[in-house]
Amino acid sequence: MSTRHETPQALDLDRYLPALVTWVNNKYASDSSRIYRKYFGIGIADWRVLAYLGVKGTGTGAQMSDFLGMDKAAISRSLQFLGSLGCVELAEQQGRRSVMRLSGPGVRLYNEVLQIALKREEVLMKGLSDQDRETLFKLLHRVHENMADVMEMYRDDA
């Protein structure tokens, strides 16, 4: 048995984009979930589904999963939960696919949560000029566009 140990390669976590994005997202999502549960009885996954339907109007679980980057099972659980609250309803049935939309109570809940979400975003962006914000969004959209290529890199390895 060898006693020789390899030295870990250096990684500057302050300049490693996946780490920074993950830290911001995890902290923001965890705190958002805490607030949304306290005030509205929903979690962050439920808010994401509400937001998708509030913006897009309708959608299937698969469409929401693809757009949000969430597991289909998590989407399904959120849709069932939101349905039990009377917040989502069937818009149409397309074979085995259910197209969902917000109900009246769902629209009201979406609008209420949105007000808090927008206030939190404003605090998150504190200290950034309008130009900084535009640059940030432009760069994040560019990085998001690159995700398709990143996801293809080792697709055949599964």
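From the N terminus, the elements of the chain follow the order α-α-β-α-α-β-β-α-α. That amounts to six helices and three strands, where helices (H or I, at least four residues) and strands (E, at least two) are DSSP runs numbered from the N terminus. This is a predicted model, in which local features need pLDDT of at least 70, side-chain atom pairs count only at pLDDT 80 or more, and totals for chains, interfaces and linings use all residues. Residues are numbered from 1 along each chain as its sequence is written, and side-chain values use heavy atoms, with hydrogens and water left out.

Chain-level values are as follows.

| Property of the chain | Value |
|---|---|
| Radius of gyration (over C-alpha atoms) | 20 Å |
| Box of C-alpha atoms along the principal axes | roughly 65 × 45 × 30 Å |
| Accessible surface (Shrake-Rupley, 1.4 Å probe) | about 11,800 Å² |

A compact globule of 158 residues would have a radius of gyration near 15 Å, by the rule of 2.2 Å times the number of residues to the power 0.38. Carbon and sulfur atoms hold 54% of the accessible surface. Of the 158 residues, 26% count as buried, meaning under 20% relative accessible area with a 1.4 Å probe, protein chains only. Among contacts (heavy atoms within 4.5 Å) with a separation of 6 or more, 47% join residues 24 or more positions apart.

Serine 103 sits in the loop between strand 3 (97-102) and helix 5 (104-124). Serine 103 counts as buried because its relative accessibility is 6%. Leaving aside residues up to four places away in sequence, serine 103 touches Gly86, Cys87, Val88 and Glu89.

Note on methods: Buried means under 20% relative accessible area, exposed over 50%, partly exposed in between (1.4 Å probe, protein chains only).
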